[in-house]
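Dear colleague,

The findings are set out after it.

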Amino acid sequence: MFANLEKVMGGTAEKLSNNKVLIAIRDGFLVTTPLIIVASFFILAGNFPIEGYTDFMAQFFGQGWENHMDAVIDSTFSVIALLGSIGIGYAYARQLESDPIAGAAISVVCFLILTPKSHPAFTNEAGKVFNGLANTNMGSAGMFVAMITAIISVRIFVAIERKGWVIKMPDGVPPAVSQSFAALIPSLFAMLTFFLVYLGFSLTDYHYAHTFIYTNLQAPLLGIGRSVFLEPLTQFLSTFFWFFGINGPAVTNTVFAPIGLALTTENLEAFKNGLPLPNIFTNGFSNFFTNFGGGGSTLALVFLMVGIAKSKRMKTLGRLAIVPGIFGINEMIIFGLPVVLNPIMLVPFLATPLVNTILSIIATVIGILPRTTGVSIPWTTPFFFSGWLATGHLIAGFWQIILIVIDCLIYYPFFKVMDRQFLAEEEKPVQDLKDDLDDISLDDLSFDDL
């Protein structure tokens with residue numbers, strides 16, 4: 001049965017992980033990850049979750065000092081769609097074996113062609129309409145426009161390039177100049193296509209592609225992302241892939257990561273403006289309230305191995321795995337215990353993240369667990385501190401500890417079965433060795449045989 005499942009799941013994972021469009025979207029948004037994390041440090045610096053912190057810092061930097069942090073914050077979170085457009089264009093052109101820089105450039109230009117630049121709803125006292133690029137369209141609300149534009153524009157660019165419709169310069173011309181002229185006609189086709197799309201939408205009631213895509217695609221997908229069923233499903237699929245030795249998040253994130261990023265950014269924008277946080281299921285929720293110690297929430301298993309294991313194998317492996325496990329790395333347990341294709345560990349490995357997810361959803365709904373603020377902190381941040389920083393409340397850190405205790409109870413009976421098996425295997429060779437030695441006789445030993 002496991003062999004058939006492994007074949008099916010492996011094939012599905014391979015198709016998803018080899019899809020060039022999904023890879024480009026995943027890798028393109030990964031470009032923004034370090035920028036988002038650094039910007040999140042500035043958010044924490046301005047809103048550190050300690051009572052009286054802001055007033056204490058004001059003694060040194062003056063009232064309103066925290067507002068200066070917006071210079072960094074607005075330059076990252078408020079233009080996340082623009083950054084994504086650049087990253088996806090670069091990644092997709094690289095996947096198609098074209099010039100990545102040209103792919104990034106054409107992607108961002110086509111995105112800006114579709115982006116509204118006039119805003120009749122905003123006028124000054126003289127009645128003059130605001131003209132310019134609004135952060136709303138450059139941020140989370142424009143993410144799906146950026147994704148679609150990047151993929152289509154690069155695809156057009158590469159298609160024209162492969163047809164040979166390029167301007168070729170003499171051999172003596174510097175490569176940079178040759179590449180620039182070679183990109184001219186493919187860029188023309190891509191930009192002309194999106195200019196026509198822009199004109200087409202201007203004739204509709206939507207007026208802009210941003211409005212159409214947000215209304216008919218992004219908003220419904222975010223609605224699905226807010227559903228109480230999506231997060232448990234994501235956790236189950238991710239863990240299920242891990243059971244077969246496939247990196248689950250690497251597969252599921254190709255599909256669900258854009259939705260999670262959009263929901264996270266919405267929470268951050270609400271947090272910055274002092275508004276109620278709209279979403280439960282953000283990247284912070286997925287990273288810090290569903291799994292501890294990596295896929296399958298195996299940190300509890302490691303604690304059991306270190307604390308009460310009888311077999312030397314269990315205890316030694318637990319001691320080696322505890323530090324990486326605290327920081328969310330558990331390949332040593334998954335492949336060293338192993339968990340992969342281990343029928344004893346199948347039930348707790350799949351059930352524990354689901355229990356954590358469901359309990360955390362209930363705790364959030366009834367008001368015990370605060371919602372995450374959208375601040376992006378590294379997924380390797382240890383428990384308690386990750387919960388505290390992700391929500392701004394210490395109660396979230398204590399909630400993580402409660403979940404880990406529950407995880408220990410789930411893993412305990414299955415852990416005991418494996419521990420007894422390992423202990424029996426460790427004791428058996430000693431008995432067999434003693435019996436074999438008793439049967440050895442030195443009477444027939446002769447040096448003449450050497």
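The secondary structure of the protein chain consists of 21 helices and 2 strands. Please note that this is a predicted model. The C-alpha trace extends over about 110 × 65 × 45 Å along its principal axes. Of the 450 residues in the chain, 44% are buried. The accessible surface amounts to about 22900 Å², and carbon and sulfur atoms contribute 67% of that surface. Among contacts with a separation of 6 or more, 72% are between residues 24 or more positions apart.

Helix α9 (residues 143-162) packs with helix α12 (residues 209-226) at an angle of about 105 degrees, and their axes are 8 Å apart. Angles of 65 to 115 degrees count as roughly perpendicular, and α9 and α12 are therefore roughly perpendicular to each other. On the α9 side, the contact is made by M143, F144, V145 and I148; α12 contributes A209, H210, I213, L217, Q218 and L221. Sorted by class, the residues of this contact comprise 8 nonpolar and 2 polar ones, with no charged residues.

T265 lies in helix α14 (residues 248-272). Its relative accessibility is 3%, so T265 counts as buried, the cut-off being under 20%. Apart from neighbours within four places in sequence, T265 is in contact with F77 and S140.

With kind regards

Terms used:
Residues are numbered from 1 along each chain as its sequence is written. This is a predicted model: local features need pLDDT of at least 70, side-chain atom pairs count only at pLDDT 80 or more; totals for chains, interfaces and linings use all residues. Side-chain values use heavy atoms; hydrogens and water are left out. Axes are lines fitted to C-alpha atoms, for helices over the stretch in contact, and angles run from 0 to 180 degrees between N-to-C directions. Helices (H or I, at least four residues) and strands (E, at least two) are DSSP runs, numbered from the N terminus. Angles under 35 degrees count as roughly parallel, over 145 as roughly antiparallel, 65 to 115 as roughly perpendicular and the rest as oblique. Contact means heavy atoms within 4.5 Å. Ala, Val, Leu, Ile, Met, Phe, Trp, Tyr, Cys and Pro count as nonpolar, Asp, Glu, Lys and Arg as charged, and the others, Gly among them, as polar. Buried means under 20% relative accessible area, exposed over 50%, partly exposed in between (1.4 Å probe, protein chains only). Accessible areas come from the Shrake-Rupley method with a 1.4 Å probe; for residues, only the protein chains shown count as cover.
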